[in-house]
Amino acid sequence: MAGNSSRAIYYALGANFAIAVAKGTAAFFTGSSAMLAETVHSLADCGNQGLLLLGLKQAKAPPSPEYPLGYGKAIYFWSFLVAVMLFTVGGMFSLYEGIHKLQADEVGAGSSLWWAVGVLTFGIIVEGISMRTCIQEVNKSRGERSMWRWFRESRQAELVVIFGEDLAALLGLVFALIAVVATMVTGNPLWDAIGTIGIGALLIVVAVFVAIEVKAMLIGQSVDPERQAQIKQFLDGRPEIEQVLNLITLQLGNEAMVATKARMRPARDVQAMVAEINVVEKALKQAFPEVRWSFFEPDCTDSHDAPQPLA
């Protein structure tokens, strides 16, 4: 069962917008340029969710003569672009800001720091709500797999991106709150700078992992290994099929293509075998609704000459 990625995206969008409003309010009352920069940062995160929603919309476009397998993989492009933005606008910007704070060697005004504590606490709460929603959707698709294994095997690029972004944002806010409190207690600006650099490093690491996963989908991955095993088991159990010789699957966004080569059981004639193949393909699409394209190659060679079956 696939998770509802749209729901997770809308929750993340709402959380980032609420945090941007909170940061903007703090920047207005304190005159803090750093808080203003953080406001822009949160608005950029809202733009990331907008790109994912655009990708989901484009992925639903029907096939055309120029794109016979549809536009499903469009979501992979936009997801990869979000990973790049998370690396640059998020990670690199935070590193730059942290290094700048180290060079400035100044502690913000007490009122500004208290505003920061308030905004960060609010941010942790709303990001926590967004993260909880994302995990609920992830749990629908990961089954008994660990979170790490799901992250490596999932073919829902947009959900992988939202999970990575929410995780990085929540941990980043916690790091920032710890750094600000440490700065207030010690009066040493080094803590604030270290916290900002740590956030930048965290965002870069998450962005790299997300980009690696989405790149694999862009190149052309098979369906989820667990799902492929289920398709193989389904075909092996069909009475019309004697042996599945080869099975190739390709994930195309939320849809999939399946190409099967199988040795059919003896039929009366060619027409009867074609009818059996049609029955198998219809049953396959009913059992696995994401399979939109099915290509079936029957093999009627003698068992002594048949190729070895492939997984």
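Mentor: A salt bridge here is a side-chain nitrogen of Lys or Arg within 4 Å of a carboxyl oxygen of Asp or Glu. By that rule, the interface of domain 1 and domain 2 has 0 salt bridges. The model is a predicted one, and the interface should be read with that in mind.

The two parts are domain 1, residues 5-220, and domain 2, residues 225-298. To their contact, domain 1 gives 15 residues and domain 2 gives 10 residues. The size of an interface is often given as the accessible area lost when the parts come together. For domain 1 and domain 2 the buried area is about 1000 Å², and 61% of that area lies on carbon and sulfur atoms. On the side of domain 1 that touches domain 2, the residues divide into 6 nonpolar, 4 polar and 5 charged. As for polar contact across the interface, 1 residue pair is found, with both residues at pLDDT 80 or more.

Now the wider setting. The centres of domain 1 and domain 2, taken over C-alpha atoms, are 41 Å apart. The C-alpha trace of the chain spans about 90 × 35 × 30 Å along its principal axes. In secondary structure, the chain has 9 helices and 3 strands, in the order α-α-α-α-α-α-α-α-β-β-α-β from the N terminus. The chain has a radius of gyration of 25 Å, well over the 19 Å that the globule rule gives for 311 residues, so it is more spread out than a compact globule.

Terms used:
Residues numbered from 1 in each chain as written. Predicted model: local features only at pLDDT ≥ 70, side-chain atom pairs only at ≥ 80, totals over all residues. Heavy atoms only, no water. Domains from an automatic or database assignment. Contact = heavy atoms within 4.5 Å. Buried area = accessible area lost by both parts, 1.4 Å probe. Polar contact = N/O pair within 3.5 Å; in protein donor to acceptor, adjacent residues only side chain to side chain. Nonpolar A, V, L, I, M, F, W, Y, C, P; charged D, E, K, R; others polar. Helix = DSSP H or I, 4+ residues; strand = E, 2+ residues; numbered from the N terminus. Rg over C-alpha atoms; globule rule 2.2 N^0.38 Å.
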